[in-house]
Amino acid sequence: MATVALQNISKSFDDTQVLNNINLSIEDREFIVFVGPSGCGKTTLLRIIAGLEEASEGQIIIDGEDVSSAHPVDRGISMVFQSYALYPHLSVFENIAFPLRVAKVPEAELNQRVEHAANILQLTNRLQHKPGQLSGGQRQRVAIGRSIVRNPKVFLFDEPLSNLDAALRGDMRVELASLHQDLNATMIYVTHDQVEAMTMADKIVVINGGNVEQFGTPMELYHHPETQFVAGFIGQPNMNFISSTRTASTATNCSIKADGIGALTLPVSSCVGKEGDSLCLGIRPEDLSLTSSGQGFEMQVKVLERLGGSAIAYGTINSQVSGEQSFKAVLPGDVQVSPGQHIHLQVNPDKCHLFTSQGDAMHRLKAEV
Amino acid sequence: MIDKYSALEKLGLYTAIGIFLTFMLLPFVEMLLASLRPLTHLFRSPYQFWSDDMSLQAYSDIWVTVPKLPRYIFNSVFLASMTTLICMVFVVPAAYAYARFQFRGKAVSLALFLAVNMFAGAVLLIPLYKLLRGMGLLNTYWAMIIPGAAFLVPTGIYLLKSFLEKIPKELEEAAFVDGASRLYTLRRVILPLAVPGLIVVGVYSFIGAYAQQFLFAITFNQKRDYMPLPAGIFEFIGYQEVIWNQMMAASIIGILPVLFIFLFLQKFLMAGLTAGAVKS
């Protein structure tokens with residue numbers, strides 16, 4: 001179907017720089033997710049790709065063709081909006097048929113294509129209803145139907161699941177993923193929810209403050225976040241950050257003293273600098289394990305969320321800097337811990353992340369991927 | 001929000017509403033009663049609210065006293081309808097442009113439109129007369145339609161603009177992404193959703209046109225055949241006497257079209273305004 005390349009895309013509204021020199025190249029049939037906190041510019045970037053917004057600088061190349069100033073239809077894109085943007089006065093059939101009516105597709109072909117889209121999305125017995133009579137999930141499907149009926153090269157989704165309740169969102173995630181396999185299309189999906197990003201994406205683009213923080217597969221981002229921002233954004237529950245000081249380093253490891261945890265030696269490269277430098281240690285809550293008292297470090301549990309298979313402990317560890325520091329740990333589901341209790345945790349240095357004071361990650365040598 | 005009023009407050013509220021309604025409606029009641037009385041009994045003293053000699057006689061006499069009355073009624077409805085139509089032709093594109101586009105002079109021109117409304121029509125009668133004479137439109141239907149529409153367009157733009165602004169922009173963006181042109185989107189998406197707003201503006205224009213045509217008719221038109229009803233009612237004022245009861249009967253008949261439109265559309269307006277609330 002289509003490749004998409006963004007070259008030096010910048011966008012500013014009046015004096016505010018929203019996007020800063022974005023370069024991305026998206027392969028054919030990839031499911032790409034733009035993820036980032038609200039206001040980071042991800043939706044603006046999507047609207048620029050759609051042709052709803054013009055980039056201040058840079059080019060958009062779809063299938064090798066510069067479409068920077070082309071009409072959305074000529075770009076071969078279609079878009080699903082956050083609010084679905086269904087036409088409330090038209091039936092489901094007419095909503096889905098709208099792009100075909102605009103293109104003056106003959107009636108017989110139009111009928112057949114709408115039926116086909118309705119089939120894929122299980123909307124066949126809803127075609128005569130008005131959008132107001134449908135549930136949230138069905139409206140979502142109509143919006144998708146309107147975008148697939150035109151056979152676009154690239155699908156754009158702007159936070160399409162954010163209006164749905166949690167259970168429906170889970171179902172729609174699976175449906176969208178299987179739709180992607182069926183349609184074999186390039187899809188670009190915007191969300192602020194890192195779970196959606198991790199579960200659906202072939203590749204994730206983490207955007208922060210108008211810049212691409214990192215572009216890679218979900219597991220690359222999980223195991224090798226390039227910046228502290230990505231490390232904190234990807235993963236649920238998110239990473240613990242502990243201020244640390246460097247005590248010694250070689251080409252393949254770095255010894256640190258972590259506040260409230262103690263001395264650790266991490267297998268990382270590019271650990272250049274001198275003793276006494278302040279660093280940031282990152283520990284994913286799921287990389288911690290319980291140990292007997294007298295070993296590891298101590299955490300005071302304040303809240304315990306039991307999820308069944310696992311439990312998440314929220315609490316604090318002692319800190320020389322600030323007295324206590326908040327800390328999270330994932331524990332076995334049936335762990336015998338109650339709030340207020342102290343537990344002892346240990347961490348495998350191979351699994352830890354280390355960041356410079358600028359927030360850049362050091363490359364982990366013993367990571368899984 | 002729950003409002004609870006004490007008995008005393010309620011009494012005060014209803015008294016205020018009662019006084020207000022009395023002032024509003026009493027002239028209409030008197031108009032109806034006067035139309036039912038024989039002329040000789042109109043100024044009877046002491047005043048009788050209801051008497052046995054009331055009849056519908058005046059309603060059949062008016063057609064004889066003023067033979068052109070049907071023509072005047074037709075003129076009134078025709079003038080108001082044409083004014084409304086022309087008004088809508090200008091209001092719809094203008095309101096859409098004000099609701100959706102950014103352009104130089106937007107705020108200034110909107111303010112100017114409001115300023116036009118501050119002048120009562122009477123102030124502009126003489127300049128308008130000269131203008132219409134220059135264009136050779138005096139003593140035609142146009143002399144009553146064009147000024148009428150011109151006075152109604154500004155408020156119409158305001159009304160429809162605020163209505164169009166409530167239609168989500170995303171609907172237009174979706175249509176744009178699907179390849180629809182501005183005009184196609186306006187026709188297939190925006191106007192169908194704006195029907196309640198169009199009705200509000202249409203009713204406002206019709207009633208406004210119906211009410212203001214008197215002034216333009218007696219100033220810009222001398223031809224009896226083109227006179228609307230409010231001007232035609234003058235013919236009940238004779239050399240010797242004023243046929244009050246027939247005049248009131250003709251006035252009531254003149255009010256009826258507007259009343260019907262209002263009663264019929266009021267229900268529709270309420271339903272339309274809620275049905276049009278676009279849930280996005």
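## A walk through chain A

Start by selecting strand S1 (residues 4-13) and strand S2 (residues 16-26) of chain A: the two pair in the antiparallel sense over 7 bridges. Strands here are DSSP runs of E with at least two residues, helices are runs of H or I with at least four, and both are numbered from the N terminus. Pairing takes at least two DSSP bridges between two strands. This is a predicted model, where local features need pLDDT of at least 70, side-chain atom pairs count only at pLDDT 80 or more, and totals for chains, interfaces and linings use all residues. Residues are numbered from 1 along each chain as its sequence is written, while chains are lettered from A and ligands numbered from 1 in the order in which they are written.

Now zoom in on the end of S1(A). Phe13(A) has Thr16(A) in S2(A) as its bridge partner. The two strands make a hairpin with 2 residues between them, and Asp14(A) in that turn has a positive phi of about 50°.

The crossing is right-handed, meaning the near helix is turned clockwise from the far one by less than a right angle.

Show the side chains there: Val92(A), Asn95(A), Ile96(A), Phe98(A) and Pro99(A) of H3(A) meet Val142(A), Gly145(A) and Arg146(A) of H5(A). A contact needs C-beta atoms, placed from the backbone, within 7 Å. By class, this one has 5 nonpolar, 2 polar and 1 charged residues. Nonpolar covers Ala, Val, Leu, Ile, Met, Phe, Trp, Tyr, Cys and Pro; charged covers Asp, Glu, Lys and Arg; the others, Gly among them, are polar.

Bring in chain B. The contact takes 17 residues from chain A and 17 from chain B.

Finally, colour chain A by domain: domain 1 (4-232) and domain 2 (238-355), with bounds from an automatic or database domain assignment. Their centres, taken over C-alpha atoms, are 38 Å apart. Domain 1 puts 4 residues into their contact and domain 2 puts in 7.

Definitions and conventions:
Contact = placed C-beta atoms within 7 Å.
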